[in-house]
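Here is a briefing on a structure, arranged by topic. Please look over the sequence and the model before reading on.

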Amino acid sequence: MKITKEISIGDVAARSEELRGENMTLNMGPSHPATHGVLRLSLELDGDKVVKCDPVIGYLHRGDEKIAENMTYNQFVPYTDRLDYLAPLANNVAYAIAVEKLAGLKLPARCEAIRVLTCEMARISSHLLGIGVYAMDTGAWTVFMYTFNEREKLYTLFEELTGARFTTSYTRIGGVTRDIPDGWLPKVSAFCDGVERTIDEVDKLLTRNGIFLERTEGIATISKEMALAYGLTGPNLRASGVPFDLRKDKPYSGYEQYDFDVPVGVKGDCFDRYLVRMEELRQSVRIIRQVVKTMPGGAWYAEDAKKIFLPPKAKVMTKMEELIQNFMLVTEGPQIPAGEVYFEAENPKGALGFYVVSNGGGVPYRLRIRGPSFVSLSILPAIVPGNFLTDVASILGSLDFVMGECDR
Amino acid sequence: MDAAALTSRFPATQDLAGKDMPTYRVAGSDLLAVVSALRDEQGFDLLADLCGLELQGRPVRFGVVIHLLSTTHKEYVRLHVDAANDRVPSVSSLHPGANWHEREAFDMFGIVFEGHPDPRRILMWDAYPYHPLRKDFPLAGIEVPFPAADVAEVTGQKVEPAPMMGGPFVSHGGKLSEGEPSALDQSWTEEKPKA
């Protein structure tokens, strides 16, 4: 019979003699650089091999769903920033579209194009970080410096657009907080040129790098059937060979107008997941260039949605009707009809879903957040056992999760 | 989505005429058969989401909402299930991905999933006594006693310290040296003032 003993990391070396032949429980995290946040893995080890993996989550649980039931729809937008905090703009858009779908709102073309633009910039920002830290997890430092440099430029662009670098809170139900500033689109084009060079450099540094290949190729292969059974979405699902992308297959916010390819993996190992993200970066740049070229004019918010979107500030102080509208919206929230809606958006980490149940009025009755990272992590007990302890960091990095969204 | 095949085979199934996607209310006893028929015969191969819900205007208090996605036909379907006596059969044998969603629904609402392989809490800690997403649970939360009474007596602390306490990047609990970065000085509370 095997006996499992619980010991801390520091004791391992000192006590390795007496532990020979016994399984060992090792707690990885919640404060460990490879767990990208506050994930804790309770690992059972037989020597260097993992025989059991039990993820312990909830360290970042803030009760977002409970909070949402107690505030108006627009007040919840800042909370969506903090779900996948590496791509807050994409979360803002997904949440706004879910509520707008419930309200049956049709948005002007310019607003939709702005949202596509910000979503794809958020995807680049998220994937750049994902690939940078993945390289670091597998032992390559330099890549992170290259990708973080580009992210910094993105943050400057976000700041010009939204007023905040990180917690953007850019969308409102029925539109966005402000129009694109003058001279911003050419800067986005210039950024695209720069980031393409960086992607090529990262490609040269990593894709044929012997050490990187040994750390990723053939590790934690997820078959097509398994990926579907566990409900994986986004790049993790596509890396396993399922060509499903919500932007193509359930287009929202006008994605159908743009030309882009959906990269699909063959084997579903860590290396495929990396390759899919690299190609998605290039496709996002491609989409951004098209949006910049075809950015429509006109209104940037739903002007006819008087009970949902705030009136322009200039009119509030001069016109009675707008003043009343402003007052009602701020005190009672956007008026959303009763009903239920489920909407998933193709976020950088996978499909971010919002299930909203409304009884009418300005506050949701129930708001459920389906975080793609939560689902991605639920596959760990199935794919980690059988691998070496050193591979755990490689597997975690390849799934590209973020705990803010997993624990909510 | 072949609605007729579903309602004729499972007469207890009720079409709720969903606005955004086909929506059905399924009897708890039929749930496993319905989900498996949808998966194997109609191509709903991916469980997108499963969540608990406090129902309104229904004889039972809680329900479960399941969203299934077909990656081949590119469509969703929504299933509502009433949790009679707060119990619902677990679908994690058909969709392993439901495992964690069901653990969360149990954690947040107290819905018991019959046949679940690992019925533990997931977001809250194991000894936590409440189900926070129930409507009668206050937004501010309810203070729960610190699990270890002997530790609480000495330190006066009411909340569990962060589990990384004592880890390589965190300063030691109790008295902290001057200038050492610290998140929370636990050596004093309102009742026991700083010495």
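Start with a turn in chain B: Lys74(B) takes a positive phi near 55° in the hairpin of S4(B) and S5(B), which has four residues between the strands. The model is a predicted one.

**Strands of chain B**
- S4(B) and strand S5 (residues 75-82) of chain B run antiparallel and are joined by eight bridges.
- Across this pairing, Ser70(B) stands opposite Glu75(B) of S5(B).
- S4(B) also pairs with strand S3 (residues 46-54) of chain B, again in the antiparallel sense, over eight bridges.
- Here Cys51(B) has Val65(B) of S4(B) as its bridge partner.
- Is strand S4 (residues 62-70) of chain B mostly covered or mostly open? S4(B) is mostly covered, with eight of its nine residues buried.

**Helices H6(A) and H7(A)**
- Helix H6 (residues 142-162) of chain A crosses H7(A) at roughly 165°, and their axes come within 10 Å.
- The two helices, H6(A) and H7(A), are therefore roughly antiparallel.
- Their crossing, H6(A) with H7(A), is left-handed.
- H6(A) contributes residues including Val143(A), Tyr146(A), Leu154(A) and Leu157(A).
- On the H7(A) side, the contact residues include Trp184(A), Val188(A), Phe191(A) and Leu205(A).
- By class, the contact of H6(A) with H7(A) has twelve nonpolar, four polar and five charged residues.

**Helices H7(A) and H12(A)**
- Helix H7 (residues 184-206) of chain A also packs with helix H12 (residues 270-294) of chain A, at an angle of about 160° and with the axes 10 Å apart.
- That angle makes H7(A) roughly antiparallel to H12(A).
- The crossing of H7(A) and H12(A) is left-handed.
- Which residues make the contact of H7(A) and H12(A)? From H7(A) they include Leu185(A), Val188(A), Cys192(A), Glu196(A), Ile199(A) and Asp203(A). From H12(A) they include Met278(A), Leu281(A), Arg282(A), Ile288(A) and Arg289(A).
- By class, the contact of H7(A) with H12(A) has ten nonpolar, one polar and four charged residues.
- Val188(A) takes part in the contact with H6(A) and in the contact with H12(A).

**Strands of chain A**
- S7(A) and S8(A) pair in the antiparallel sense over nine bridges.
- A hairpin of two residues joins S7(A) to S8(A).
- Glu344(A) stands opposite Gly353(A) of S8(A).
- S8(A) pairs with S9(A) too, in the antiparallel sense and over five bridges.
- In that pairing Tyr355(A) stands opposite Arg368(A) of S9(A).
- Nine of the nine residues of S8(A) are buried, so S8(A) is largely enclosed by the rest of the structure.

**Contact of chains A and B**
- On chain A, 33 residues are in contact with 32 residues of chain B.
- Which elements of chain A each supply at least two residues of the side that touches chain B? The helices are H2 (64-68), H9 (224-229) and H15 (372-377) of chain A. The strands are S7 (339-347), S8 (350-358) and S9 (366-370) of chain A.
- By class, the side of chain A that touches chain B has 14 nonpolar, nine polar and ten charged residues.

Conventions:
Residues are numbered from 1 along each chain as its sequence is written. Chains are lettered from A and ligands numbered from 1 in the order in which they are written. This is a predicted model: local features need pLDDT of at least 70, side-chain atom pairs count only at pLDDT 80 or more; totals for chains, interfaces and linings use all residues. Axes are lines fitted to C-alpha atoms, for helices over the stretch in contact, and angles run from 0 to 180 degrees between N-to-C directions. Angles under 35 degrees count as roughly parallel, over 145 as roughly antiparallel, 65 to 115 as roughly perpendicular and the rest as oblique. A crossing is left-handed if the near helix is turned anticlockwise from the far one by less than a right angle, and right-handed if clockwise. Two residues are in contact if their C-beta atoms, placed from the backbone, lie within 7 Å. Ala, Val, Leu, Ile, Met, Phe, Trp, Tyr, Cys and Pro count as nonpolar, Asp, Glu, Lys and Arg as charged, and the others, Gly among them, as polar. A residue is buried if 20 or more other C-beta atoms lie within 10 Å of its own, exposed if 12 or fewer, and partly exposed in between; C-beta atoms are placed from the backbone. Two strands pair if DSSP finds at least two bridges between them.
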